[in-house]
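Student: Hi! Could you walk me through this structure?
Tutor: Happy to, let's have a look together.

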Amino acid sequence: MAYKIMIQGTMSNAGKSFLAAALCRIFAQDGYRTAPFKSQNMALNSYVTQEGLEIGRAQAMQAEAAGIAPTVDMNPILLKPTSQMGSQVIVNGEVFANLHAMDYYRRKPEFIPAIREAFARLEATCDVIVLEGAGSPAEINLQENDIVNMGMARMADAPVLLVGDIDRGGVFASLYGTVMLLSPEERARIGGLVINKFRGDRAILEPGLRMIEELLHIPVAGVIPMEEIDLDDEDSLAARLSSEGRGDREHGLDIAVIRLPHISNFTDFNVLERHPGVSLRYVRHVGQLAKPDLLILPGTKNTMADLAWLKESGMASAVCRLSEREAVPVIGICGGYQMLGNTLADPEGVEGEAGSSMQGLGLLNADTVFSGQKTRTQIQGELSTAGRMFSQKSREPGAGATPGTLPVSGYEIHMGRTEPASADREAVSMRIRLADGRADGMERADGLVFGAYLHGFFDNSQVTETLLFRLAEKKGIRLGQAAEGQAEYRERQYDRLAELVRQNLDMGLVRRLMGME
């Protein structure tokens, strides 16, 4: 049987994913085969495993921290919100149904066998499992059919660390209130309290730590300082989505990403944010747009609804004006790619009413037709440099690719196909040839508009360096090159995270809770 520890929080964004990733790294460093587990995740940032199955991005990140490949057993239930009242329910990596919130709540017991089986498979192959809860265990309206917090702790017979976010204020009240709203049996599972995102002198905090221990008879296992460690974010509460961008926008490159209401997989752009000389910002209002050097339309869980929002908010007109009149390059990824075309048709009712359709932005001479079959795959391919946006003029050819191409890899998660319009096909060219023979990556003839389905597109360093070189050349500036590759950068972040938590969490207590000492 594997050793187990579960991380629960007093609220969303308290730091559960952060601490779970840290423990995955720590136990892996200590020689244990370690895996993350979250029975039910609600997130629009997702990932495709090597088997072509979909899980939450946070569990993929935690698996990477543990040094193992992500599998669907790490997140058997994934909820991807499609509206305020409903979600696409993904079970064992595949679409189960689109359900209204109340329908899902009533049917949650149906998914317990899938959760138990996934956890059992992990237990059979791992030494340590780091479980993560969702939201708060004290959401008393959801406790009856809970399958992700204390309900999961019972199923796994796992001790719990309860994490509170001091940066938002009220951490002692939230810890106390959470514990007191639990049943005696549930309280007994909490073996330690963790205060996260602390700034300042710990000596000032000490009286409060002693008082909360006396009130709850639960030890404080650690106080984790606020430190900037760059991990992939899970959901729309990520601080980077409110960022105005780092760096000098005037003397560097200014990249603007439209913050769509159902934005998904915004981790696609983290690599751009890290590049020296680049300022990347997320914009929600027309007044924030200005004139960027590159405009990006990201992925979305609901393309047609977010396209309607673009039009109603005035953002669609602003995007088209910047593209057509100001010659600002525009890139669309996945749902953003679909929006760039002429039309979007939904004959099967995948995104709304069956038979519905709408006009796209008209920046690419292409049409999208949605279908019920979901494309989920990790894929490799080659990007042609014959076009203008990724031209390698004045640069060395890409290593590992045929002449005139750059190697690309990533993953696809989408429902629908986008094809060049039947008339005037010369207006666009397909630039990516995928390993399975399919084409992706449509570029307009003038090189100002490009779209692709490939998530992780910018993680391909040669592609990104080529794009940024062209943009800098156009602006008349010079950019430095990234100091390290993406894999090396992420590994360094995981090591920094593990060291931070080792220094500030009582690992002896954690091991005793897990029965390791």
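Student: Let me start with a side chain. Is Arg-121 buried, exposed or partly exposed?
Tutor: Arg-121 is partly exposed, because its relative accessibility is 39%, and partly exposed covers what falls between under 20% for buried and over 50% for exposed. Do keep in mind that this is a predicted model.

Student: Okay. What does Arg-121 form a salt bridge with?
Tutor: The partner is Asp-73, and the closest N and O atoms of the two are 2.8 Å apart.

Student: Where does helix α4 lie?
Tutor: Helix α4 covers residues 112–125 and lies across β1 (3–9), β2 and β9 (128–132). Against β2 it runs at about 170°.

Student: Nice. What is the strand order in the open sheet?
Tutor: The order is β2-β9-β1-β10-β11-β12, making 6 strands with parallel pairing. At the edges are β2 (34–37) and β12 (220–225), each of which pairs on one side only. On average, neighbouring strands in this sheet are turned by 20° against each other, ignoring direction.

Student: How many bridges pair β11 with β12?
Tutor: There are 4 bridges between β11, residues 190–198, and β12, in the parallel sense. Within that part of the sheet, Leu-193 stands opposite Val-220 of β12.

Student: Which strands does helix α6 touch?
Tutor: Helix α6 (residues 171–180) packs on the sheet and touches β10 (160–165) and β11. The helix direction makes about 145° with that of β10.

Student: Which residues form the nonpolar patch on the surface?
Tutor: That patch consists of Tyr-176, Met-180 and Leu-215, which together have about 270 Å² of accessible area. Tyr-176 belongs to helix α6 and is partly exposed, with 34% relative accessible area.

Student: Back to charges. How many salt bridges are there in the whole structure?
Tutor: A search finds 31. One of the pairs is Asp-254 with Arg-281, where the closest N and O atoms are 2.8 Å apart.
Tutor: Asp-254 is buried at 5% relative accessibility, and Arg-281 is buried at 2%.

Student: Which residue does Arg-470 form a salt bridge with?
Tutor: Glu-473, with the closest N and O atoms 2.6 Å apart. Both residues lie in helix α13 (residues 461–475), separated by 3 residues, or about one turn of the helix. Glu-473 is partly exposed, at 37% relative accessible area.

Student: Last topic: which way do the residues of β25 point?
Tutor: Val-449 and Gly-451 point one way from β25 (residues 449–452), while Phe-450 and Ala-452 point the other way, and all are buried. In a regular strand, side chains alternate between the two faces of the sheet.

Student: Which strands are joined to β25?
Tutor: Strand β18 (residues 330–333) runs parallel to β25, with 4 bridges joining them. Strand β24 (residues 439–444) runs antiparallel to β25, with 2 bridges. β24 and β25 form a hairpin with 4 residues between them, and Gly-447 in the turn has a positive phi of about 75°.

How values were computed: Residues numbered from 1 in each chain as written. Predicted model: local features only at pLDDT ≥ 70, side-chain atom pairs only at ≥ 80, totals over all residues. Heavy atoms only, no water. Pairing = 2+ DSSP bridges. Axes fitted to C-alpha atoms, helices over the stretch in contact; angles between N-to-C directions. Contact = heavy atoms within 4.5 Å. Patch = residues over 30% accessible without salt bridge, like charges linked within 9 Å, V, L, I, M, F, W, Y side chains within 5 Å. Areas by Shrake-Rupley, 256 points an atom, 1.4 Å probe, with all protein chains shown as cover. Salt bridge = Lys/Arg side-chain N within 4 Å of Asp/Glu carboxyl O. Buried < 20%, exposed > 50% of the residue type's maximum accessible area, 1.4 Å probe, protein only.
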